[in-house]
Amino acid sequence: MDAAIGKFFDAVSDFFGGRGDKMLWCDPHTIVSIEQEVSKAASEGSDEERAKCITRLSWALVHSRLPEDVHRGIVMLEGSLANASNSPLQKREKLHLLAVGYYRSCDYLRSRQLVEQCLEIEPDWRPALTLKKTVEDQIAKDGVIGVGLTATAVGVLIAGIAAALARK
């Protein structure tokens with residue numbers, strides 16, 4: 001019986017706690033290290049090396065636990081997507097990273113739009129398919145929570161009206 005109760009509370013905490021996010025995280029030390037690589041590549045490296053370092057930095061930023069890092073990654077990726085010289089592969093990668101950034105920023109609808117654009121380039125690309133499922137699960141979860149909150153608010157309102165009418 002205790003095991004069943006424990007499983008129930010674990011399931012509830014998973015649902016509300018968001019442990020369903022199986023994506024990788026990046027620590028601040030790694031970000032600092034990659035920022036140093038970008039600086040070095042900017043002063044000493046080729047354009048190709050600098051672009052690779054910037055892509056690694058974008059990846060690290062959108063996989064950060066810090067919202068300001070995620071936002072920086074989004075800004076960098078949006079700027080680099082405007083670059084007309086992106087190959088379809090580069091565009092796919094950047095759209096995917098941007099979708100991860102928006103997912104981490106809790107903008108699930110924008111994330112889903114970007115994943116769908118990514119899948120237009122390569123429909124069977126596993127990372128995009130996985131992210132799409134993660135995003136859609138989160139959208140569904142938010143809908144369930146929203147319905148629950150709305151039902152609770154309506155219930156409290158009806159109870160308040162009933163209590164007011166009972167006093168008369």
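The following dialogue asks how the descriptions of this predicted model are reached.

Student: What makes up the fold of the protein chain, helices or strands?
Tutor: The protein chain has seven helices and zero strands. From the N terminus on, its elements run α-α-α-α-α-α-α.

Student: How much of the protein chain is buried?
Tutor: Buried residues make up 27% of the 168 residues. To count as buried, a residue needs a relative accessible area under 20%.

Student: Why are α2 and α3 called roughly antiparallel?
Tutor: Helix α2 (residues 28-44) packs on α3 at an angle of about 160 degrees, and their axes are 9 Å apart. That makes α2 roughly antiparallel to α3, because angles over 145 degrees count as roughly antiparallel.

Student: Which residues make that contact of α2 and α3?
Tutor: From α2 come Ile31, Ile34, Glu35, Glu37, Val38, Ala41 and Ala42. From α3 come Glu49, Arg50, Cys53, Ile54, Arg56, Leu57, Ala60 and Leu61. By class, the contact of α2 with α3 divides into 10 nonpolar, no polar and five charged residues. The crossing of α2 and α3 is left-handed.

Student: Which residues of α3 and α4 meet?
Tutor: Ile54, Leu57, Ser58, Leu61 and Val62 in α3 meet Asp69, Val70, Arg72, Gly73, Ile74, Met76 and Leu77 in α4. This contact has eight nonpolar, two polar and two charged residues.

Student: What makes α4 and α5 roughly antiparallel?
Tutor: The axes of α4 and helix α5 (residues 88-104) cross at roughly 150 degrees and come within 9 Å. The angle is over 145 degrees, so α4 is roughly antiparallel to α5. Their crossing is left-handed.

Student: Which residues of α4 and α5 meet, and how do they divide by class?
Tutor: Val70, Ile74, Leu77, Glu78, Ser80 and Leu81 in α4 meet residues in α5 including Lys91, Lys94, Leu95 and Leu97.

Student: Where is cysteine 106, and what is its phi?
Tutor: Cysteine 106 lies in the loop between α5 and α6. Its phi is positive, about 70 degrees, although cysteine 106 is not a glycine. Most residues other than glycine have a negative phi.

Student: How do you know that tyrosine 108 is buried?
Tutor: Tyrosine 108, found in helix α6 (residues 108-121), has a relative accessible area of 13%. The cut-off for buried is under 20%, so tyrosine 108 is buried.

Student: What is tyrosine 108 in contact with, leaving aside its neighbours within four places in sequence?
Tutor: Tyrosine 108 is in contact with Tyr103, Val135, Gln138, Ile139 and Asp142. Its C-alpha atom is separated by 7.5 Å from that of glutamine 138, 30 residues apart along the chain.

Student: Why is aspartate 137 called partly exposed?
Tutor: Aspartate 137 sits in helix α7 (residues 126-167). Its relative accessible area is 41%. Buried means under 20% and exposed means over 50%. The value falls in between, so aspartate 137 is partly exposed. The C-alpha atoms of aspartate 137 and tyrosine 108 are separated by 9.9 Å.

Student: What makes glutamate 116 partly exposed?
Tutor: Glutamate 116 is in helix α6. Its relative accessible area is 35%, between the cut-offs of 20% and 50%, so glutamate 116 counts as partly exposed. Glutamate 116 and leucine 129 are 13 residues apart in sequence and 9.0 Å apart in space, C-alpha to C-alpha.

Key. Residues are numbered from 1 along each chain as its sequence is written. This is a predicted model: local features need pLDDT of at least 70, side-chain atom pairs count only at pLDDT 80 or more; totals for chains, interfaces and linings use all residues. Side-chain values use heavy atoms; hydrogens and water are left out. Helices (H or I, at least four residues) and strands (E, at least two) are DSSP runs, numbered from the N terminus. Buried means under 20% relative accessible area, exposed over 50%, partly exposed in between (1.4 Å probe, protein chains only). Contact means heavy atoms within 4.5 Å. Ala, Val, Leu, Ile, Met, Phe, Trp, Tyr, Cys and Pro count as nonpolar, Asp, Glu, Lys and Arg as charged, and the others, Gly among them, as polar. Axes are lines fitted to C-alpha atoms, for helices over the stretch in contact, and angles run from 0 to 180 degrees between N-to-C directions. Angles under 35 degrees count as roughly parallel, over 145 as roughly antiparallel, 65 to 115 as roughly perpendicular and the rest as oblique. A crossing is left-handed if the near helix is turned anticlockwise from the far one by less than a right angle, and right-handed if clockwise.
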